Amino acid sequence: MEILTGSILTYMVVTMITPGPNNLTMLFIGANYGFLGTRKFLIASTVTFFIKVMLCGFLNVVLESYIPVAIVYLKWFGVLYMLYLGYVMAISGWKQDKDNVVKDDNNTDVIEKRDNQTNNNFGYMSAVILQTLNVKSWITCLSLYAVYVMDKTADTWTMFIVGVIYTAIMIVASSAWGLLGSSLKSFIDKHRKPFGIIMGLSMLYAIAGILK
């Protein structure tokens, strides 16, 4: 397929591998619950992203006209939701249910399992909301088709394949961030409070990028 040049593939990889809200969340989940703990977020994020890519591809002309208006609302709803996620990340080191702490033979407190309430903040619905409100993701998807595809072809099959490849790269990139977090889990378990604060501040940095 002639349209799949080095430039479009580079664009796809760079826009997916950089530390945006979705990847930062995958890193956080992987570090706290292991790679298997990311599966709900990853599945929902993938499905939502694929729908978004297809919309941007097949409705490119229409969406390009309405997106500037929608972006104003998406931006601020997205910022508020990302602030909420950043807050959850920042306090995660302190937030432990009493049921999660048991006594060992020496009568010492031991963490038995993760805080399920915190984990529930990063499930299916969280991924859907984050992908839907991610303004930069909408712009990168629209740009993908507007810059690299529409001026060369409007073939339905080609546009579908481009969307599938972009989504596949998104899965690999997100999984890599989740695996990175999982690989650091044993270290982060000993430093949950500073890690939570760093992740919360990282989300604020991502928000700053959106507000530019």
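Guide: We will go from the surface to the cores of this predicted model.

Visitor: Why is Leu55 called partly exposed?

Guide: Leu55 has a relative accessibility of 33%. Buried means under 20%, and exposed means over 50%. The value of 33% lies in between, so Leu55 counts as partly exposed.

Visitor: Where is Leu55 found?

Guide: Leu55 sits in helix α3.

Visitor: Which helix gives the largest share of the nonpolar patch?

Guide: That is α3, with five residues. Both α3 (39-58) and α8 (156-183) supply at least two.

Visitor: Now the inside. Which residues touch the most other members of the largest nonpolar core?

Guide: Phe122 and Met199 do, in a core of 27 residues. Two or more residues come from each of α2 (21-33), α3, α4 (60-91), α6 (124-133) and α10 (192-211). The largest share, seven residues, belongs to α2.

Visitor: What does Phe122 contact, leaving aside its neighbours within four places in sequence?

Guide: Phe122 is in contact with Thr25, Phe28, Ile29, Phe41, Leu85, Val88 and Met89. Contact here means heavy atoms within 4.5 Å.

Visitor: How many residues are in the second core?

Guide: That separate core has 22 residues, among them Ile8, Leu144, Val162 and Ile169.

Key. Residues numbered from 1 in each chain as written. Predicted model: local features only at pLDDT ≥ 70, side-chain atom pairs only at ≥ 80, totals over all residues. Heavy atoms only, no water. Helix = DSSP H or I, 4+ residues; strand = E, 2+ residues; numbered from the N terminus. Buried < 20%, exposed > 50% of the residue type's maximum accessible area, 1.4 Å probe, protein only. Core = buried A, V, L, I, M, F, W, Y, C linked by side-chain atoms within 4.5 Å.
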